[in-house]
Amino acid sequence: MSDLLYVNGGTPLNGTIRVRGAKNFVSKAMVAALLGETPSVLRNVPEIRDVHVVSGLLQLHGVNVDYDVEAGTLSLDPSNVETAHVADIDAHAGSSRIPILFCGPLLHRLGEAFIPDLGGCRIGDRPINYHLDILRAFGAQVDKHPHGIFLSAPNGLKGTKYQLAYPSVGATEQLLLTAVRAEGITELSNAAIEPEIMDLINVLQKMGAIISVDTDRVIRIEGVSSLKGYSHTALSDRIEAASWASAALATKGDIFVEGATQPEMLAFLNTFRKVGGQFEVQDNGIRFYHPGGDLKSIVLETDVHPGFMTDWQQPLVVALTQAKGLSIVHETVYENRLGFTEALRGMGAQIQVYKECLGGRDCRFGQMNFHHSAVVAGPTPLTAADIEVPDLRGGFSHLIAALAAEGRSKVRGITLIDRGYENFMGKLKALGASFELSD
Ligand code: EPU
């Protein structure tokens with residue numbers, strides 16, 4: 001596929017699109033299948049690049065993967081799990097961060113694991129110190145090599161008590177995927193409790209795990225000696241749903257997002273309403289629309305669940321450029337997730353970024369020299385531009401900006417977007433967007 005899209009903006013996006021399973025759950029549920037003695041079946045799987053990357057990694061480890069793309073069904077048979085060649089994992093993992101989550105399951109199955117240097121979106125340093133610390137706490141031996149990390153568990157993995165310094169999503173998943181088959185009891189304090197993690201816990205419970213979640217971010221796991229396969233329907237992608245909702249607002253459109261669900265989107269829906277967007281929750285999805293008139297400026301702080309997700313921030317900022325007054329955005333999850341605003345400035349947006357914590361409370365990036373707060377002044381008409389997609393969410397936001405802007409924009413690097421947005425060009429067509437893929 002070509003990497004360059006010409007977008008003819010200025011037309012409201014109107015119509016219906018469908019979102020399927022959450023990218024940030026599906027990939028983890030696929031890894032969980034490694035823990036079972038029998039095959040697993042996952043439904044509502046979107047066709048995104050991350051699914052192909054994790055399928056490939058599973059296949060390298062001997063898992064038989066049968067993927068019915070149309071039906072969105074993945075069958076994963078882990079009967080013959082084996083050690084993969086280091087070079088193959090490295091070549092296949094590409095920019096994905098998922099390999100780090102293979103550690104616990106592979107240590108249980110094979111007694112060893114290799115993790116190549118990790119990629120993922122360039123939205124900060126994205127360290128893996130919590131992950132390695134957790135694996136060590138279970139008794140794993142961690143050896144760093146020039147191209148990655150070798151892990152082994154000569155004496156098996158044993159339950160542990162662990163407190164996270166920050167409720168990291170990936171680190172919580174790491175602990176869950178390791179604890180379920182570790183010997184004895186594990187207790188995690190300050191755990192992340194995102195809906196995608198709760199759905200992973202659903203999957204693990206179906207497999208035979210014993211996991212309880214307290215209201216104070218404490219998760220307890222009683223290790224069991226074996227697990228079986230699962231059959232599960234993935235929860236819906238609330239990041240994709242919010243991205244299309246923001247696109248409706250920024251382009252003055254009206255989009256019905258089939259498959260969007262209210263409980264996982266409470267914080268987004270409150271903010272969407274405060275900005276002046278309207279929505280209707282229906283049985284099979286949510287309609288998001290611009291009701292006409294002025295949008296309102298807001299103060300927005302991203303946070304871990306149940307707060308306003310960091311992944312919702314970038315698409316919504318595009319809509320905030322069309323709101324009347326000064327909006328304040330404080331990004332508290334990643335230190336470097338406002339870089340995408342530079343391209344918006346080039347399109348006419350008035351956005352100033354700051355190192356200080358604006359918006360009401362101090363976060364851990366406050367004294368650290370990171371531009372993690374922004375003031376957005378609006379409304380400013382957006383004009384077409386040449387844009388280079390920086391990362392998945394930033395890239396989708398640039399696409400929304402190009403669709404809202406008058407004129408013809410060039411958007412380069414669009415293949416980054418299909419890492420997490422299923423058939424986004426087909427959906428744009430269905431919504432009446434005008435664009436051409438360069439030859
Ligand atoms: N962190 C550390 N050390 C670690 C791990 C994390 O300092 O070992 C820090 C990170 O640098 C970050 C914060 O903790 O500042 C939160 O990171 P977290 O571990 O929660 O993020 P993640 O598991 O790497 C997942 C999603 C992200 C999403 C975040 C937050 C996947 C594959 N990725 O990342 O999704 O933004 O949780 O909800 O599940 C995306 O979909 O575009 C995306 C980036």
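**A ligand between two domains**

A polar side-chain atom of Lys23 lies 2.8 Å from an oxygen atom of the ligand. The model is predicted. Both domain 1 (4–19 + 236–437) and domain 2 (23–233) give residues to the shell around the ligand, so the ligand lies between them.

**Polar contacts and cover**

- Ser168 has a polar side-chain atom 2.6 Å from an oxygen atom of the ligand.
- For Tyr334, the distance from a polar side-chain atom to an oxygen atom of the ligand is 3.1 Å.
- On its own, the ligand has 830 Å² of accessible area, and the protein covers 92% of this area.

**The shell around the ligand**

- The ligand is surrounded by 23 residues, and the closest are Lys28, Asn129, Ser168, Val169 and Val333.
- Sorted by class, the shell holds nine nonpolar, eight charged and six polar residues.
- At least two shell residues come from each of these helices: H1 (23–32), H5 (129–137), H6 (169–179), H10 (310–320) and H12 (392–404).

**The chain as a whole**

- The chain contains 13 helices and 24 strands.
- Of the 439 residues in the chain, 58% are buried.
- Along the principal axes, the C-alpha atoms fill a box of roughly 65 × 45 × 45 Å.
- The radius of gyration of the chain is 22 Å, which agrees with the value near 22 Å that a compact globule of 439 residues would have.

Technical notes
Residues are numbered from 1 along each chain as its sequence is written. This is a predicted model: local features need pLDDT of at least 70, side-chain atom pairs count only at pLDDT 80 or more; totals for chains, interfaces and linings use all residues. Side-chain values use heavy atoms; hydrogens and water are left out. A residue is near a molecule or strand if one of its heavy atoms lies within 4 Å of it. A polar contact is a pair of N or O atoms within 3.5 Å; within protein, one must be able to donate a hydrogen and the other to accept it, and residues adjacent in sequence count only if both atoms are side-chain atoms. Accessible areas come from the Shrake-Rupley method with a 1.4 Å probe; for residues, only the protein chains shown count as cover. Helices (H or I, at least four residues) and strands (E, at least two) are DSSP runs, numbered from the N terminus. Ala, Val, Leu, Ile, Met, Phe, Trp, Tyr, Cys and Pro count as nonpolar, Asp, Glu, Lys and Arg as charged, and the others, Gly among them, as polar. Domain bounds come from an automatic or database domain assignment. The radius of gyration is taken over C-alpha atoms; the globule rule is 2.2 Å times the number of residues to the power 0.38. Buried means under 20% relative accessible area, exposed over 50%, partly exposed in between (1.4 Å probe, protein chains only).
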